[in-house]
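Please read the following report with the structure open beside it, looking up each residue as it comes up.

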Amino acid sequence: MILAFDTSTAACTAALFDDAGQCVARSDEQIGRGHSERLVPMIAEMLDGRTANRILVGVGPGSFTGIRVGVAAAHGLAIGWDAEVVGLSSLALLAASAHGTGEVAAAVVGGHGELFVQQFDAETIEPTSELRNLPPVAAAAAISAQLVIGSGARQLVEARGWGEVREAWPSAADALLLPESLRTLPAKPVYARAPDARALEAA
């Protein structure tokens, strides 16, 4: 079985898939903070005694703390189950929730008033732009998709002056919709910018 989960945003989301790729259990909660307290109990409740031989974990970008919680949990479970663990793009997972056509942009609020943004083909979830970390005005100039989805969508659309806002959250139930290249990433955090502590050390 395949277990997928993501903790890169205010949502805590997990899903279990069988060998045919069918989602057999899912749990989606918007918790804000407290992923470290909620994630493992959520997974245990959803698994109901089952285990997985492959783990897909959201590696960001997004919440610095949330991503680290998810990646650490994935590695811990992988050791206990002798399972393979790989990363999935959290922005692609968010884009997959659009379930639409054309192009969709994922925009997530990051640190220092900036946004993590990337544009995707809404059907294939293949990226059509690079991953960027930009102030809202610069992000607005870089993104051409009509539909913008995520916690930073409203800021981007307001800065741009046009477009559709969808303030949604990623769902692990969409994990297998991602192209293989975006769900076989190294299982380590993708920050898109240096963590504040590292940036201060370099100053």
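The model is predicted, so local features need pLDDT of at least 70 and side-chain atom pairs count only at pLDDT 80 or more, while totals for chains, interfaces and linings use all residues. Residues are numbered from 1 along each chain as its sequence is written, and side-chain values use heavy atoms, with hydrogens and water left out.

**A serine in a loop**

Ser8 has its place in the loop between strand E1 (2-6) and strand E2 (11-17); here helices (H or I, at least four residues) and strands (E, at least two) are DSSP runs, numbered from the N terminus. Is Ser8 buried or exposed? With a relative accessible area of 2%, Ser8 is buried, where buried means under 20% relative accessible area, exposed over 50% and partly exposed in between (1.4 Å probe, protein chains only). Its side chain makes a polar contact of 2.8 Å with the side chain of Asp6, and another polar contact, of 3.3 Å, joins the side chains of Ser8 and Ser90. A polar contact is a pair of N or O atoms within 3.5 Å; within protein, one must be able to donate a hydrogen and the other to accept it, and residues adjacent in sequence count only if both atoms are side-chain atoms. Not counting residues up to four places away in sequence, Ser8 touches Gly60, Pro61, Gly62, Ser63, Ile67 and Ser90, where contact means heavy atoms within 4.5 Å.

**Charged pairs**

Side chains of opposite charge can pair when their charged atoms come close. The structure holds six salt bridges, a salt bridge being a side-chain nitrogen of Lys or Arg within 4 Å of a carboxyl oxygen of Asp or Glu.

Elsewhere, salt bridges that share partners join Glu29, Arg38 and Glu45 into one network.

What does the pair of Arg54 and Glu84 tie together? Arg54 lies in strand E4 (residues 54-58) and Glu84 in strand E5 (residues 84-88), so the pair ties together parts that are 30 residues apart in sequence. Glu84 counts as partly exposed, at 42% relative accessibility. Arg54 and Ala83 are 29 residues apart in sequence, yet their C-alpha atoms are 5.3 Å apart in space. Leaving aside neighbours within four places in sequence, Arg54 is in contact with Met1, Ile2, Leu3, Ala83, Glu84, Val86, Arg183 and Thr184.

**One side of a helix**

Which residues of helix H5 (residues 153-160) are buried? They are Ala153, Leu156, Val157 and Arg160. These residues cover an arc of only 95° around the axis, which puts them on the same side of H5; the arc is that of the directions from the helix axis to the C-beta atoms. An α-helix has 3.6 residues a turn, so residues three or four places apart point the same way. What covers the buried residues of H5 includes strand E6 (103-109), strand E7 (115-121), helix H4 (136-142), strand E9 (147-149) and strand E10 (164-166).

H5 is followed by Gly161, whose phi is positive, near 90°. The charged end of Arg160 sits over the ring of Trp162, 3.6 Å from its centre; a charge sits over a ring if NZ of Lys or CZ of Arg is within 6 Å of the ring centre and within 35 degrees of the ring normal.

**A glutamine and an isoleucine**

Gln118 lies in strand E7 and is buried, with a relative accessible area of 12%. Its side chain reaches the backbone oxygen of Ser129 at 3.1 Å. Leaving aside neighbours within four places in sequence, the residues in contact with Gln118 include Leu91, Val104, Pro127, Ser129 and Ile143.

Ile79, by contrast, is found in helix H2 (residues 64-81) and counts as exposed at 71% relative accessibility.
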